[in-house]
Amino acid sequence: MTAPWRIIAVGRMRGSEEEALFQRYAARLRPALTVTEIAEARGSTAEIRRRETSALLAALPPACIVVAMDLGGRAHDSEALAALARRWREQPLPVCFMIGGAEGLEQPVLDRADHVLSLGPMTWPHLLVRPLLAEQLYRAQAIATNHPYHRTGRPSG
């Protein structure tokens, strides 16, 4: 059996438009993509970072492949991400994507990560990262199964 995809993220979606978009793609993934939500911390920036970092790391299973979603990570095109996802899926461990809150991820999370992945050089609201990631994981699945959802190259104009 293939190990599950898992997102561990700061912030609660609570019936938002972002959650509806996330569910649109997450529902298509096999096996299922699960989400563990970490409450956004309050206090000074340093306190927020400390609390959220601690909570994110505590939510990790003992053995897993950790993929930190961070602006400073490596951005891949869809085909390269599909190849990377295939390698991750060949491992018997769950793949856990870590998404920080408004303050981002702190160094202890990045240090724990096996991979640091970026969705590109733009800054995205942390609640939008989940649906963007779910769509890209669905696209990677489509590429791996030769499903027509993904179209190679740029659309012709």
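Trainee: Which residues does UniProt place under "binding site"?
Mentor: This is a predicted model. The unreviewed UniProt entry places "binding site" at Gly100, Leu119, Gly120, Pro121, Met122, Thr123 and Trp124. Such annotations may be inferred rather than shown by experiment.

Trainee: Where is Gly120, and is Gly120 buried or exposed?
Mentor: Gly120 is found in the loop between strand 5 (115-118) and helix 5 (126-144). Its relative accessible area is 12%. Buried means under 20%, so Gly120 is buried. Leaving out residues up to four places away in sequence, Gly120 touches Leu71 and Ala75.

Trainee: Why is Trp124 called partly exposed?
Mentor: Trp124 has a relative accessible area of 34%. Buried is under 20% and exposed is over 50%. The value lies in between, so Trp124 is partly exposed. Trp124 lies in the loop between strand 5 and helix 5. Its contacts, not counting residues up to four places away in sequence, are given as Leu119, Val129 and Leu132.

Trainee: What makes strand 2 and strand 5 edge strands?
Mentor: The open sheet has five strands in the order 2-1-4-3-5, with parallel pairing. Strand 2 (33-38) and strand 5 each have a single partner strand, so one side of each is left without a neighbour in the sheet. From one strand to the next, the twist averages 30 degrees.

Trainee: How do you know that strand 3 and strand 4 pair?
Mentor: Pairing needs at least two bridges. Strand 3 (residues 65-75) and strand 4 (residues 95-99) have five bridges, so they count as paired, in the parallel sense. Met69 has Ile99 in strand 4 as its bridge partner.

Trainee: What puts the buried residues of helix 1 on the same side?
Mentor: In helix 1 (residues 17-26), Phe22, Tyr25 and Ala26 are buried. They cover an arc of only 95 degrees around the axis, which puts them on the same side of helix 1. An α-helix has 3.6 residues a turn, so residues three or four places apart point the same way. Glu17 and Ala20 are exposed on the other side of helix 1.

Trainee: Which elements do the buried residues of helix 1 pack against?
Mentor: They pack against strand 1 (5-10), strand 2 and helix 5.

Trainee: Why is Leu29 called buried?
Mentor: Leu29 has 0% relative accessibility. The cut-off is under 20%, so Leu29 counts as buried. Leu29 sits in the loop between helix 1 and strand 2. Apart from neighbours within four places in sequence, Leu29 is in contact with Ala134, Leu137, Tyr138 and Gln141.

Trainee: How many residues does the largest nonpolar core hold, and which of them touch the most other members?
Mentor: That core has 28 residues. Trp5, Ile7, Leu33, Val67, Met69, Trp88 and Phe97 touch the most other members. Strand 1, helix 1, strand 3, helix 3 (78-89), strand 4 and helix 5 give two or more residues each to this core. Helix 5 gives the largest share, seven residues.

Trainee: What does Trp88 touch?
Mentor: Not counting residues up to four places away in sequence, Trp88 touches Trp5, Ile65, Val67, Val95, Phe97 and His115. There is also a second, separate core of 15 residues, which includes Ile8, Val66, Cys96 and Leu105.

Conventions:
Residues are numbered from 1 along each chain as its sequence is written. This is a predicted model: local features need pLDDT of at least 70, side-chain atom pairs count only at pLDDT 80 or more; totals for chains, interfaces and linings use all residues. Side-chain values use heavy atoms; hydrogens and water are left out. Helices (H or I, at least four residues) and strands (E, at least two) are DSSP runs, numbered from the N terminus. Buried means under 20% relative accessible area, exposed over 50%, partly exposed in between (1.4 Å probe, protein chains only). Contact means heavy atoms within 4.5 Å. Axes are lines fitted to C-alpha atoms, for helices over the stretch in contact, and angles run from 0 to 180 degrees between N-to-C directions. The arc is that of the directions from the helix axis to the C-beta atoms. A nonpolar core is a set of buried Ala, Val, Leu, Ile, Met, Phe, Trp, Tyr and Cys residues joined through side-chain atoms within 4.5 Å.
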